[in-house]
Amino acid sequence: MTAAPQPLRIALDFVNAWLFDLDGSFILVDSGLSMHRERLDAALRAAGCEPGRLALHILTHPDSDHAGNSAWLREAWGAKVAIHEKDAPALASGIMPRRRAIGSLSWIVGLSQLVPRKPGLGCTADILLEDGQSLEAWGLDAKVYHLPGHTPGSIGILTAPGDKVAGDFIAGDLVANWHRPGPGLLASDLEAYRASLDRARALVPADGWVYPGHGAPFPASGLAGIKL
Ligand SMILES: [Zn+2]
(Lines give C-alpha, C1' and ligand atoms only; values in the text may rest on other atoms or scores of the structure.)
Protein backbone atom coordinates (compact mmCIF):
# COMPACT_ATOMS: atom_id res chain seq x y z
CA MET A 1 0.00 0.00 0.00
CA THR A 2 1.39 3.38 -1.00
CA ALA A 3 1.27 6.21 1.51
CA ALA A 4 -2.08 7.92 1.89
CA PRO A 5 -2.46 11.05 -0.26
CA GLN A 6 -3.48 14.31 1.36
CA PRO A 7 -7.21 14.93 1.07
CA LEU A 8 -8.31 17.56 -1.45
CA ARG A 9 -10.55 20.16 0.15
CA ILE A 10 -13.83 20.82 -1.66
CA ALA A 11 -15.09 23.96 0.10
CA LEU A 12 -18.86 24.32 -0.41
CA ASP A 13 -19.55 27.74 1.13
CA PHE A 14 -19.24 27.09 4.87
CA VAL A 15 -18.93 23.30 4.80
CA ASN A 16 -16.17 21.00 3.53
CA ALA A 17 -16.06 17.74 1.63
CA TRP A 18 -12.73 15.90 1.32
CA LEU A 19 -11.60 13.86 -1.67
CA PHE A 20 -8.88 11.19 -1.73
CA ASP A 21 -7.46 10.35 -5.17
CA LEU A 22 -6.25 6.76 -5.01
CA ASP A 23 -4.77 6.29 -8.48
CA GLY A 24 -8.02 6.78 -10.34
CA SER A 25 -10.34 5.39 -7.70
CA PHE A 26 -11.73 7.89 -5.22
CA ILE A 27 -13.05 8.22 -1.68
CA LEU A 28 -15.21 11.24 -0.82
CA VAL A 29 -15.86 12.23 2.79
CA ASP A 30 -19.11 14.23 3.28
CA SER A 31 -21.10 15.85 0.47
CA GLY A 32 -22.32 19.35 1.44
CA LEU A 33 -25.89 20.66 1.25
CA SER A 34 -28.18 19.54 -1.58
CA MET A 35 -27.96 23.08 -3.01
CA HIS A 36 -24.22 22.48 -3.53
CA ARG A 37 -24.84 19.61 -5.97
CA GLU A 38 -23.66 21.34 -9.15
CA ARG A 39 -20.53 22.66 -7.47
CA LEU A 40 -19.73 19.29 -5.96
CA ASP A 41 -20.28 17.59 -9.33
CA ALA A 42 -17.93 20.10 -11.03
CA ALA A 43 -15.25 19.76 -8.33
CA LEU A 44 -15.31 15.97 -8.51
CA ARG A 45 -14.99 15.96 -12.31
CA ALA A 46 -12.22 18.59 -12.21
CA ALA A 47 -10.29 16.22 -9.93
CA GLY A 48 -10.74 13.36 -12.43
CA CYS A 49 -13.51 11.65 -10.48
CA GLU A 50 -16.29 10.50 -12.83
CA PRO A 51 -19.43 8.48 -12.02
CA GLY A 52 -18.35 4.87 -11.43
CA ARG A 53 -14.95 5.91 -10.05
CA LEU A 54 -16.20 6.98 -6.64
CA ALA A 55 -15.65 3.71 -4.83
CA LEU A 56 -16.67 4.90 -1.39
CA HIS A 57 -18.55 7.85 0.10
CA ILE A 58 -18.02 8.18 3.85
CA LEU A 59 -20.15 10.36 6.11
CA THR A 60 -18.57 11.75 9.27
CA HIS A 61 -22.17 12.20 10.48
CA PRO A 62 -25.59 12.60 8.80
CA ASP A 63 -26.39 16.33 9.27
CA SER A 64 -27.97 17.82 6.14
CA ASP A 65 -24.96 20.10 5.50
CA HIS A 66 -22.73 17.01 5.26
CA ALA A 67 -25.10 14.45 3.73
CA GLY A 68 -27.14 16.62 1.34
CA ASN A 69 -25.86 14.88 -1.79
CA SER A 70 -25.22 11.41 -0.43
CA ALA A 71 -28.35 9.75 -1.85
CA TRP A 72 -27.56 11.31 -5.23
CA LEU A 73 -23.95 10.05 -5.13
CA ARG A 74 -25.25 6.59 -4.29
CA GLU A 75 -27.87 6.53 -7.03
CA ALA A 76 -26.32 8.55 -9.87
CA TRP A 77 -22.60 7.91 -9.21
CA GLY A 78 -22.78 4.35 -7.94
CA ALA A 79 -20.89 5.16 -4.73
CA LYS A 80 -21.17 2.86 -1.73
CA VAL A 81 -22.25 4.92 1.29
CA ALA A 82 -20.55 4.29 4.63
CA ILE A 83 -21.49 5.62 8.08
CA HIS A 84 -21.24 4.50 11.70
CA GLU A 85 -24.18 2.29 12.66
CA LYS A 86 -25.33 4.70 15.39
CA ASP A 87 -25.90 7.40 12.76
CA ALA A 88 -27.39 5.13 10.08
CA PRO A 89 -31.03 5.59 11.25
CA ALA A 90 -30.78 9.42 11.06
CA LEU A 91 -29.19 9.14 7.62
CA ALA A 92 -31.98 6.84 6.43
CA SER A 93 -34.78 9.10 7.70
CA GLY A 94 -33.07 12.42 7.03
CA ILE A 95 -34.31 13.54 10.45
CA MET A 96 -31.69 14.55 13.01
CA PRO A 97 -32.62 14.30 16.67
CA ARG A 98 -32.66 17.56 18.61
CA ARG A 99 -29.36 18.41 20.27
CA ARG A 100 -27.92 20.92 22.69
CA ALA A 101 -26.33 24.05 21.20
CA ILE A 102 -22.76 24.73 22.35
CA GLY A 103 -19.99 27.25 21.64
CA SER A 104 -19.97 30.97 20.87
CA LEU A 105 -22.84 30.85 18.35
CA SER A 106 -25.05 28.71 20.57
CA TRP A 107 -27.89 31.28 20.76
CA ILE A 108 -28.35 31.17 16.96
CA VAL A 109 -27.92 27.43 16.75
CA GLY A 110 -30.29 26.97 19.68
CA LEU A 111 -33.02 28.73 17.69
CA SER A 112 -32.44 26.34 14.79
CA GLN A 113 -33.21 23.46 17.10
CA LEU A 114 -36.74 24.84 17.60
CA VAL A 115 -37.63 24.58 13.90
CA PRO A 116 -40.07 21.68 13.35
CA ARG A 117 -38.37 18.59 11.98
CA LYS A 118 -39.39 17.51 8.49
CA PRO A 119 -38.34 14.32 6.81
CA GLY A 120 -35.19 15.05 4.84
CA LEU A 121 -33.69 13.43 1.78
CA GLY A 122 -32.79 10.15 3.44
CA CYS A 123 -30.06 7.83 2.24
CA THR A 124 -29.50 4.13 2.73
CA ALA A 125 -26.12 3.07 4.10
CA ASP A 126 -24.29 0.24 2.30
CA ILE A 127 -21.50 -0.13 4.85
CA LEU A 128 -21.63 0.30 8.63
CA LEU A 129 -18.28 1.55 9.94
CA GLU A 130 -16.76 0.41 13.22
CA ASP A 131 -14.21 1.94 15.56
CA GLY A 132 -10.70 1.06 14.42
CA GLN A 133 -11.82 -0.09 10.97
CA SER A 134 -9.17 0.07 8.27
CA LEU A 135 -9.93 1.63 4.88
CA GLU A 136 -7.21 -0.40 3.14
CA ALA A 137 -9.83 -2.46 1.28
CA TRP A 138 -10.62 0.76 -0.64
CA GLY A 139 -6.94 1.62 -1.17
CA LEU A 140 -6.55 4.18 1.62
CA ASP A 141 -4.04 3.60 4.42
CA ALA A 142 -6.26 5.08 7.12
CA LYS A 143 -8.45 4.12 10.05
CA VAL A 144 -11.91 5.13 11.19
CA TYR A 145 -12.43 6.22 14.80
CA HIS A 146 -15.80 6.45 16.53
CA LEU A 147 -15.84 9.87 18.20
CA PRO A 148 -19.38 10.42 19.52
CA GLY A 149 -20.61 13.68 21.02
CA HIS A 150 -21.72 15.86 18.11
CA THR A 151 -23.92 12.94 17.06
CA PRO A 152 -24.05 9.40 18.51
CA GLY A 153 -22.21 7.94 15.51
CA SER A 154 -19.75 10.72 14.61
CA ILE A 155 -16.45 9.46 13.25
CA GLY A 156 -13.01 10.78 12.39
CA ILE A 157 -10.55 9.37 9.86
CA LEU A 158 -6.80 9.31 10.50
CA THR A 159 -4.40 8.53 7.65
CA ALA A 160 -1.18 6.65 8.34
CA PRO A 161 1.99 8.74 8.38
CA GLY A 162 3.99 8.71 5.13
CA ASP A 163 7.16 10.29 3.73
CA LYS A 164 5.56 13.67 3.24
CA VAL A 165 2.73 13.73 5.76
CA ALA A 166 2.67 13.07 9.48
CA GLY A 167 -0.92 11.85 9.51
CA ASP A 168 -4.04 13.72 8.44
CA PHE A 169 -7.14 13.73 10.60
CA ILE A 170 -10.56 14.35 9.05
CA ALA A 171 -12.53 15.46 12.07
CA GLY A 172 -16.11 15.97 10.89
CA ASP A 173 -17.86 18.29 13.34
CA LEU A 174 -15.88 17.14 16.37
CA VAL A 175 -14.07 20.42 15.67
CA ALA A 176 -14.84 23.46 13.52
CA ASN A 177 -12.53 26.27 12.48
CA TRP A 178 -14.93 29.21 12.11
CA HIS A 179 -12.34 31.79 13.18
CA ARG A 180 -10.15 29.59 15.38
CA PRO A 181 -10.34 25.88 16.25
CA GLY A 182 -13.34 25.17 18.49
CA PRO A 183 -16.03 22.56 19.03
CA GLY A 184 -18.89 21.93 16.60
CA LEU A 185 -22.11 23.82 17.29
CA LEU A 186 -24.28 20.99 18.59
CA ALA A 187 -23.83 18.18 21.07
CA SER A 188 -25.87 15.00 21.45
CA ASP A 189 -23.83 14.09 24.54
CA LEU A 190 -21.41 16.52 26.23
CA GLU A 191 -19.58 13.88 28.27
CA ALA A 192 -18.96 11.77 25.19
CA TYR A 193 -17.94 14.91 23.29
CA ARG A 194 -15.25 15.73 25.87
CA ALA A 195 -13.97 12.15 25.83
CA SER A 196 -13.83 12.18 22.02
CA LEU A 197 -11.86 15.45 22.01
CA ASP A 198 -9.38 13.93 24.46
CA ARG A 199 -9.11 10.85 22.30
CA ALA A 200 -8.46 12.91 19.17
CA ARG A 201 -5.70 14.85 20.96
CA ALA A 202 -4.04 11.54 21.81
CA LEU A 203 -4.54 10.02 18.35
CA VAL A 204 -3.37 12.79 16.02
CA PRO A 205 0.42 13.02 15.73
CA ALA A 206 1.90 16.29 17.07
CA ASP A 207 3.00 17.34 13.56
CA GLY A 208 -0.20 16.12 11.86
CA TRP A 209 -3.00 18.25 10.41
CA VAL A 210 -6.68 18.50 11.24
CA TYR A 211 -9.31 18.81 8.50
CA PRO A 212 -12.52 20.12 10.09
CA GLY A 213 -16.07 19.92 8.78
CA HIS A 214 -16.16 23.72 8.67
CA GLY A 215 -13.28 26.11 7.93
CA ALA A 216 -9.65 25.70 6.97
CA PRO A 217 -7.31 22.87 7.99
CA PHE A 218 -5.11 23.60 11.02
CA PRO A 219 -2.09 21.97 12.70
CA ALA A 220 -2.71 19.33 15.38
CA SER A 221 -1.43 21.75 18.04
CA GLY A 222 -4.74 23.63 17.55
CA LEU A 223 -6.61 20.74 19.19
CA ALA A 224 -5.02 21.56 22.54
CA GLY A 225 -6.91 24.81 23.07
CA ILE A 226 -10.41 23.55 22.27
CA LYS A 227 -12.71 23.80 25.27
CA LEU A 228 -16.26 22.67 25.85
ZN1 LIG B 1 -21.64 20.57 10.12
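Leaving aside its neighbours within four places in sequence, which residues is Leu19 in contact with? I looked them up: Pro7, Leu8, Ile10, Phe26, Leu28, Leu44, Ala47 and Cys49. My cut-off for a contact is C-beta atoms, placed from the backbone, within 7 Å.

**Ground rules.** I'm working on a predicted model, where local features need pLDDT of at least 70, side-chain atom pairs count only at pLDDT 80 or more, and totals for chains, interfaces and linings use all residues. Numbering starts from 1 along each chain as its sequence is written.

**Core.** Next I went to the largest nonpolar core and found 62 residues in it. Leu19 turned up again, with Ile27 and Val210, among those with the most contacts inside this core. Strand 2 (residues 15-22) gives the core its largest share, five residues. For the record, such a core is a set of buried Ala, Val, Leu, Ile, Met, Phe, Trp, Tyr and Cys residues joined through C-beta atoms within 7 Å. Buried is 20 or more other C-beta atoms within 10 Å of a residue's own, exposed is 12 or fewer, and partly exposed is in between, with C-beta atoms placed from the backbone.

I then traced an open sheet of six strands, with order 1-2-3-4-5-7 and mixed pairing. Strand 1 (8-12) and strand 7 (127-129) are at the edges with a single partner strand each, so one side of each has no neighbour in the sheet. I count strands as DSSP E runs of at least two residues and helices as H or I runs of at least four, numbered from the N terminus; pairing takes at least two DSSP bridges between two strands. Strands 1 and 2 run antiparallel and are joined by five bridges. In that pair, I see Arg9 opposite Trp18 of strand 2.

**Helix 1.** Helix 1 (residues 37-46) packs on the sheet, touching strand 1 and strand 2, and its direction makes about 160° with that of strand 1. Axes here are lines fitted to C-alpha atoms, for helices over the stretch in contact, and angles run from 0 to 180 degrees between N-to-C directions.

Which residues of helix 1 are buried? I find Leu40, Ala43 and Leu44. They sit on the same side of helix 1, because their arc around the axis is only 100°, taken from the directions from the helix axis to the C-beta atoms. Strand 1 and strand 2 are included in what covers these buried residues. Turned away from them, I note exposed Glu38, Ala42, Arg45 and Ala46. Just after helix 1, Gly48 takes a positive phi of about 90°.

Conventions:
Two residues are in contact if their C-beta atoms, placed from the backbone, lie within 7 Å.
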